[in-house]
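Morning, everyone. Please look at the structure on the screen, and we will walk along its helices and its surface.

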Amino acid sequence: MQLAFVSPGCAICCQILSVFGIVFLVALGLLFNAEVEELTSSTEDPVNPKEVGHACFLAAAIYAGFFFCCSCQQFVRKADARRARRL
């Protein structure tokens, strides 16, 4: 059974994009939770900024799950390469 189902390049790309996504969404979540005036004072802004902040944190957690999955893929690829050298 093959555990590595994502190519190494795709896994690295996913890891990089996930890190940027996590940082950006956590920053937005913190800003919405603090009800920063620039994000919450116009007529087109969300009614409940705390819920928007919570949604940003949830999205960051999803990105963290993708980061973890792709990190595991990198680990499996390296373990397979070590095993192939030993044989």
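Let's begin with a term: buried means under 20% relative accessible area, exposed means over 50%, and partly exposed lies in between, with a 1.4 Å probe and protein chains only. This is a predicted model, where local features need pLDDT of at least 70, side-chain atom pairs count only at pLDDT 80 or more, and totals for chains, interfaces and linings use all residues. Residues are numbered from 1 along each chain as its sequence is written, and side-chain values use heavy atoms, leaving out hydrogens and water.

Now, Arg82. Arg82 sits in helix H3, residues 49-86. Its relative accessible area is 41%, so Arg82 is partly exposed. A patch takes residues with over 30% relative accessible area and no salt bridge; like charges are joined within 9 Å, nonpolar side chains (Val, Leu, Ile, Met, Phe, Trp, Tyr) within 5 Å. A salt bridge puts a side-chain nitrogen of Lys or Arg within 4 Å of a carboxyl oxygen of Asp or Glu.

Next, helix H1, residues 8-33, which holds Phe20. Is Phe20 buried or exposed? Exposed, because its relative accessible area is 59%. With Ile12 and Ile16, Phe20 makes a nonpolar surface patch of about 310 Å².

Ser18 is in helix H1 too. Its relative accessible area is 2%, so Ser18 is buried. Beyond its neighbours within four places in sequence, Ser18 contacts Tyr63, Phe66 and Phe67. Contact means heavy atoms within 4.5 Å.

Last, Gln15, again in helix H1. Gln15 counts as buried because its relative accessibility is 15%. With neighbours within four places in sequence left aside, Gln15 touches Phe67, Cys70, Ser71 and Gln74.

How values were computed:
Areas by Shrake-Rupley, 256 points an atom, 1.4 Å probe, with all protein chains shown as cover. Helix = DSSP H or I, 4+ residues; strand = E, 2+ residues; numbered from the N terminus.
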